[in-house]
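I opened a notebook for this structure. I wanted to look up a few places and write down what I found there.

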Amino acid sequence: MKVKINRQIITAVLFSAFIFTGLFATCCKALNDSERFADLYSAYLGEGKTFPSKAKAAVLTAYESLHNINDIIAFKENYINLFGLVQRVNGVRCVFEEDPELKVVKLDNGALTYVTQKENDLPEKAANVAEFKNSLAEKGIPLMYVQCPFKVQKNNPGLPCGVSDYSNENADNFIAELKKRGVDSLDLRDLFPGEQAGKNPAFFKTDHHWLPQTALLAAGELGKKLNTAYGFNMDLNLLEAEKFKTETHEDIFLGSIGRRVGRYYAGTDDFPLILPEYDTHFSCEFIKKDTPAIKRTGSFEEVWIFREHLKKDYFNVNSYAVYAGGGGSLIHCRSHKIPGKKILMLRDSFGDTLGLFLSLAAGGEITMIDLRYHTGSVKEYIEEFKPDLVLIAYCPTAFKQQYFFTFR
Amino acid sequence: MLFSSTEFLFFFLPGVIFCYYVLCRKSRLMQNILLLISSLLFYAWGEPKFAAVMVLSILLNWFFGLMAERFRTKKGVLRFWLVAATVFNLGLLFIFKYLMFTLNNVNAVFGLNINVPVINLPIGISFFTFQAFSYVLDISRGVCEAQKNPLYAGLYVSFFPQLIAGPIVRYETIARDIKHRKENLEDFSLGVSRFIVGFLKKVLLANNMAVIAKAAFDSTEPISTGMAWLGLIAYTFQIYYDFSGYSDMAIGMGKMFGFHFLENFDYPYVSKSVSEFWRRWHISLGTWLRDYVYFPMGGSRVKTKSRLVFNLFVVWLLTGLWHGANWTFTVWGLMYFVLITFEKLTGFEQKGKKLEPLKHIYTMAFVMAGWVIFRARDLSAAGEYFLALSGLAGSSFLDGEFFLHFKQNLIFLLACALFSAPIISFLKKRFTPRYKTADVLVAAGFIFFLAVAVSYLIKGTYNPFIYFNF
């Protein structure tokens, strides 16, 4: 029988090729990533050694893997880029997601951001900080809250019509609540005028984090405050921009927000690697959950910079992690060049860069703890470390997480 | 498992197609067993324990079917088995779907404190129960023969394309197809195109409209009048493209495996009366209630108008309740009872041929008003939404949220409006491509839009399943 080729038959052939290629390529990708399945299988198997328990573990592994197929699906990055391209062509400035907290918004200057909701439990969170401060005061340790900035600026938000962001309102309210309770704070948000005008950008375009030079500026401002209010004696010249050299790695970085919408929606970022031009000598220990601790000794670059993250692999490499290796639950660093006090900084990912630049001038010892990942007790660590000052440095998105404000 | 998911598109569907056409191609029995097992797996994917409920329903209705056929001529015994089938099917539906609703209302009305058990609704229970029940009823009436093989009866009830969102397929429609279907390239190809159309309707149109509807209907803040209207228009499109998209995918997949289901939607939004709307909307439910409830009660061939009104009341009350155990669905069903009774008693459809645009506006006004009640969380929320629509809620006329959603979705809104009329069949009649290149381009366009739709799924955009209540 002669088959008359028509539109439907061509469509059916292309469709079959489409779904079978998807199936085949995803299976191949999964086979290459077999460690993931082995881990999952081991987790389900536990101590079980019998055939039924192995079979059950295998079924559950297959079930969970298929349920989360979007994580491993072949051509995922191409699909996300296609999605972003469609949004761009369609003039979309607010990309809604299943999870409303993750909607991606394009600001007037073309940069991407998340927006935050109004938080109603800020007085309770401020009370936790105040209580923590009081417990430290008994030991003679002062505490200061450092408000890191957010991409949506207070006076010039640059949001599309119809999109609201409460990050600055939350930050204002939180600082006011702290003030009421006698907790000192430093608000870094007003340091960066001109962001929305496109001059001197303070943040990556495709990532929610600040640029290294912004963190450097913030470290200088923080240093000033520590010198004047907390008896530090830092040489702030060490944090002047002209004391640093910049390596610009062009078109290398697609930030965490950019990865949600693809590179055709917002473009990509250059990564400016800022390094001090003077001699430094540190010893640092980086502790990450479920991985062995990393110990490094050497110059600022040898200790703080993880160059493996300077790779053009938009969807799989986070270049922000060049600094401090992307953080972790605890980083402890000692400066061998400059004697100084001991600082404990409870921080989110903004604090990684803030803390490492601060360490250049502050000297002494600095420990940075991320309460998201830290499983030990902060209070016990303080007993052991005996810091001269405790800093809490968060960007406004931290307000939605209780664990950032629980000081066990 | 949802059709609009990557695990379905890239694993389940190609897996079943491969096994069906390659591994089992020489044996109809093996193909049917494969389809049955796949269907049970498909159903069990989200909530495995409910597969047992469906299997129980299949086995008992298969047995009732055998009994109905055996005692077809013995009225007394037949009646016994029909009562048993009715008690089982409606009982199953009542326990899973209406028991909580009933007890909550009994507690509220009589001030009692009866413990209300939390019962999760097995997905698609209304669809498969109606389908299984109609099988028994059709056998008792001699419309079709009982299926001797429980696997085939199981395949009829659980066949995955129509399992969770319809259409409600009658046994007589596919009885022949189960054993004697003839798959061919033409059907397979038409099925693929139909599946893609349904997929695009669901993912690109319905899901984008769902974002607007959610912003309007689920807002915790007062919404502007403009946003209320935009939300309502979006929901009107969402429910149509979601439901008809699922039906298209079901009909398309049926064709891919050699089954021929009847149409379930026929451009309902071009209707010029509410009665016409219901002849075009969810046709399989309308005809089910007509054939198994309305006609047995006498339909419109009754002696008195009051009896006709009563028959209509029962049918539309059931239509409302079928959609969910909530007063919103009940009121929604009864609204249609009032409108259809009015149209029947006044001969509305036959009158005013020159006033068709006005009749269309009248129809859509009530259909959309109905969607407000249907979509609202409860009746008071529906009342608040009507206030927002009327501009009496005290909020602004237009706001930023309206402009954001309107601007971002303008293309989708236009596409929704355009494709809700039979524009494609109109164009097809006038512009048949003469060249193969055009065919290739159209086919490539289909696949391109399919890839775009897949990108939405992989991205994790809002992808609601609106049949959880059904």
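Which residues are buried in H8(A)? I found Pro212(A), Thr214(A), Ala215(A), Leu216(A), Ala218(A), Ala219(A), Gly220(A), Leu222(A), Gly223(A) and Leu226(A). Buried means under 20% relative accessible area, with a 1.4 Å probe and protein chains only.

A note on the source: this is a predicted model, where local features need pLDDT of at least 70, side-chain atom pairs count only at pLDDT 80 or more, and totals for chains, interfaces and linings use all residues. Residues are numbered from 1 along each chain as its sequence is written, chains are lettered from A and ligands numbered from 1 in the order in which they are written, and side-chain values use heavy atoms, without hydrogens and water.

**Helix H8(A)**

I checked its span next. H8(A) covers residues 212–229, and its 18 residues reach 25 Å from first C-alpha to last, close to the 26 Å expected at 1.5 Å a residue. The expected span is 1.5 Å times one less than the number of residues. Helices (H or I, at least four residues) and strands (E, at least two) are DSSP runs, numbered from the N terminus. Just after H8(A), Gly231(A) has a positive phi of about 70°.

**Strand S8(A)**

I looked at both faces of S8(A), residues 282–287. Phe282(A), Cys284(A) and Phe286(A) form the covered face. Ser283(A), Glu285(A) and Ile287(A) form the uncovered one.

Then I followed the pairing, for which DSSP must find at least two bridges between two strands. S8(A) pairs with S9(A) in the antiparallel sense over five bridges. Six bridges join S8(A) to S10(A), also antiparallel. Glu285(A) stands opposite Lys295(A) in S9(A), and its bridge partner in S10(A) is His332(A). The hairpin of S8(A) and S9(A) has six residues between the strands, and there Asp290(A) takes a positive phi near 65°.

**The cavity**

I searched the whole structure and got one cavity of 30 Å³ or more. On a 1 Å grid over the protein atoms alone, a cavity is a set of points where a 1.4 Å probe fits but cannot get out, and lining residues have an atom within 4 Å of a point. Of its 16 lining residues, the closest to the centre are Gln87(A), Phe96(A), Asn208(B), Val211(B) and Tyr456(B). H9(B) gives the most to this lining, with three residues.

Technical notes:
1 Å grid on protein atoms, 1.4 Å probe; cavity = no way out; pocket = protein on both sides within 12 Å on 5 of 7 lines; lining within 4 Å. Points joined across faces, edges and corners; volume = space filled by probe spheres on them. Buried < 20%, exposed > 50% of the residue type's maximum accessible area, 1.4 Å probe, protein only.
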